Amino acid sequence: MSVKKICVHQIEDPVLKTLTDYKIVATSKSRDELRNIIGAEHVAALIIDLDAQDAFDIVVEALEIRHSLAVIGVTGTNDVNRIIRAQRAGCRQLTCKPLDENDLRSALNRALSESDDRPSLGKTIAVMGTQGGAGATTVACYLAMSIAEFSPSLAFLDLDLEFGTVAKAWDLNPRYTIADLREAGEIDRHVLEEMMLDLPSGISVLPRPEEIEAAHNVDEALVRSILHTANSIFPYVVIDLPRKLDAVTGAAIEACHKLLIVTQLNVTGILNAGRLNDGLLRFGVPQEKIEFVVNRFNKGTSMLDAKALETKVHKKTIGVIPNHYKSLSVASDMGQPVNEENPVRKTISEIANTLCGRQPTQAATGWMAKLGFGASKD
Ligand SMILES: Nc1ncnc2c1ncn2[C@@H]1O[C@H](COP(=O)(O)OP(=O)(O)OP(=O)(O)O)[C@@H](O)[C@H]1O
Ligand SMILES: [Mg+2]
């Protein structure tokens, strides 16, 4: 499972057969072929002939598709300008023609270990509810979808290990869950990418364990390691948290950049929001990490408004999501999202912009197709 996959472009050389620690999944001859392989397979490294036509553009494009790719360029030239161009295009290592077995292996090993040491590039947003059914999972799901409209990739982790519903919400049949990562040993980017379920939208999902008892095998060290690696691969990581403060959620809260607390405007919701906020502050969570959002707001009939919550938590809410029970429950039963005109979706999209520091934009057209979901429910 942890054998790293590599792809070779425009090179046929018997030396490649000596790379027995790796699996060569394809030898591509054209740009289109390479694009398809990198898009479909979790390829860890690309070995490319830099003297072939369009080689530098191909390297740039390959990295746009899979930015964790370790690229090793092979060249017969010692022209310094070409070497600089190769590095600027994104080649991590270079090796000369004719290929030498030891030199190629050491370039590959180096390029791949460099990829595991890359610094964090991700922004992590964790979502927690203040009472059962507050709508945390709903908010986390639509938040992930909204971010995926402007981010090329995103990791979505279901850390509600016992009762998580992310896979059900999107009608997914995952091959692996977070519990399988425990068996995988070291969580490097290749293992993590292999275990996540990739959706056409660019969202990669890591679901909760299949069996409830397996939840107890996931500990905070594993969660820390997953989040560290996810952060180095994905520009955004969204986490759906359970409503409890234990070592696992603690590790996630510590690692996240924003903790979005979802509450309803009823007495229990407001009291729990205050209680949770006070506890988090005592644990040392910085105030600026915590944000509050009101969900299922009934304008006109609610006895309380957002000010009641804001007084309790000494902070302004970053959004008030309306109650839209019928559309949400049909969508949730069908495992399909509501459409982009739905007020719940629209409000969560605005919250996503705020959390990610973006200006509000027009809804992207064709997002349903981009997300790869079927017909929407309104
Ligand atoms: N804004 C909304 N309007 C109407 N219904 C909503 C809204 N948000 C969520 N719901 C519905 O509320 C129910 C609970 O939502 P969800 O599962 O997201 O809550 P949760 O906080 O994650 O619950 P749990 O405590 O079980 O984790 C679901 O049926 C969902 O469709
Ligand atoms: Mg939930």
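Ligand 1 sits in the largest pocket, where a pocket is an open set of points on a 1 Å grid over the protein atoms alone, with protein on both sides within 12 Å along at least five of seven lines, and where sitting in it requires more than half of the molecule's atoms to lie within 2 Å of its grid points. This is a predicted model, in which local features need pLDDT of at least 70 and side-chain atom pairs count only at pLDDT 80 or more, while totals for chains, interfaces and linings use all residues. Residues are numbered from 1 along each chain as its sequence is written, and side-chain values use heavy atoms, with hydrogens and water left out.

The ligand is surrounded by 17 residues, of which the closest are Gly135, Thr137, Thr138, Asn295 and His324; a residue is near a molecule if one of its heavy atoms lies within 4 Å of it. At least two residues of this shell are supplied by each of helix H5 (136–148), strand S12 (290–297), strand S13 (320–322) and helix H13 (325–334), and the largest share, three residues, comes from H5.

Polar contacts are pairs of N or O atoms within 3.5 Å. A polar side-chain atom of Asn295 lies 2.9 Å from a nitrogen atom of ligand 1, and a polar backbone atom of Pro322 is likewise 2.9 Å from a nitrogen atom of ligand 1. An oxygen atom of the ligand, in turn, is 3.2 Å from a polar backbone atom of Ala134. Taken alone, ligand 1 exposes 620 Å², and the protein buries 78% of that, with accessible areas taken from the Shrake-Rupley method with a 1.4 Å probe.

Terms used
Chains are lettered from A and ligands numbered from 1 in the order in which they are written. A polar contact is a pair of N or O atoms within 3.5 Å; within protein, one must be able to donate a hydrogen and the other to accept it, and residues adjacent in sequence count only if both atoms are side-chain atoms. On a 1 Å grid over the protein atoms alone, a cavity is a set of points where a 1.4 Å probe fits but cannot get out, and a pocket is an open set with protein on both sides within 12 Å along at least five of seven lines; lining residues have an atom within 4 Å of a point. Helices (H or I, at least four residues) and strands (E, at least two) are DSSP runs, numbered from the N terminus.
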